[in-house]
Amino acid sequence: MTDLWHQPLRHIRGADLTGDTNQTTGMTRLEAISGKTVGSSKVWMGETHVAPVTNSGDHHHGEAETAIYVKSGHPVFVFADGDEEVRIETGPGDYIFVPPYVPHREENPADEEAVVIIARSSQEGIVVNLPSLWSPVDVPED
């Protein structure tokens with residue numbers, strides 16, 4: 001019987017994450033929970049690995065809100081606030097919230113890999129890669 005009260009829980013082992021999702025240069029994004037993997041309709045979850053002394057490409061996540069938990073390493077999250085570049089330095093246990101359509105990048109200046117856990121308010125890992133943080137962002141009109 002499958003109804004709202006009788007659906008199975010899904011278990012995704014850490015070793016079973018897939019890289020079959022949208023990628024950004026300078027990082028590896030691994031998918032755990034998505035419409036493809038478990039049939040979710042409102043959430044995407046996975047992790048991102050940024051190698052030592054590496055920067056990701058500039059990107060945004062479309063209309064999805066994104067919550068990030070720093071699992072290991074010391075990634076730096078960079079975004080533009082008007083004409084100013086803002087840098088948020090993080091460490092294990094920290095959280096970052098990325099609003100919809102905000103261009104940003106992850107930097108890893110350290111000699112160790114940075115790993116973050118990501119949860120998004122969509123069932124797919126939406127990523128829009130950009131040539132620069134300072135490029136205009138396509139935002140749909142209401």
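Two strands are taken to pair if DSSP finds at least two bridges between them. In this predicted model, strand β2 (residues 44-50) and strand β10 are joined by 7 bridges and run antiparallel.

Tryptophan 44 has arginine 120 as its bridge partner in β10. Arginine 120 also lies over the face of tryptophan 44, at 5.0 Å from the ring centre. For tyrosine 69, the bridge partner in β10 is isoleucine 117.

A pair of aromatic rings is described by the distance of the centres and the angle of the planes. The structure holds 1 aromatic pair. This pair is formed by tyrosine 69 and tyrosine 95, with 5.0 Å from centre to centre and 55° between the planes, and it is tilted. Tyrosine 69 belongs to strand β5 (residues 66-72) and tyrosine 95 to strand β8 (residues 95-98), so the pair ties together parts that are 26 residues apart in sequence.

The accessibility of each tyrosine was also computed. Tyrosine 69 has a relative accessible area of 30% and is therefore partly exposed, since the partly exposed class lies between under 20% for buried and over 50% for exposed. Tyrosine 95, at 63% relative accessibility, counts as exposed.

Definitions and conventions
Residues numbered from 1 in each chain as written. Predicted model: local features only at pLDDT ≥ 70, side-chain atom pairs only at ≥ 80, totals over all residues. Heavy atoms only, no water. Phe/Tyr/Trp six-rings, centres within 6.5 Å; stacked < 30°, edge-to-face > 60°. Helix = DSSP H or I, 4+ residues; strand = E, 2+ residues; numbered from the N terminus. Buried < 20%, exposed > 50% of the residue type's maximum accessible area, 1.4 Å probe, protein only. Lys NZ or Arg CZ within 6 Å of the ring centre and 35° of its normal.
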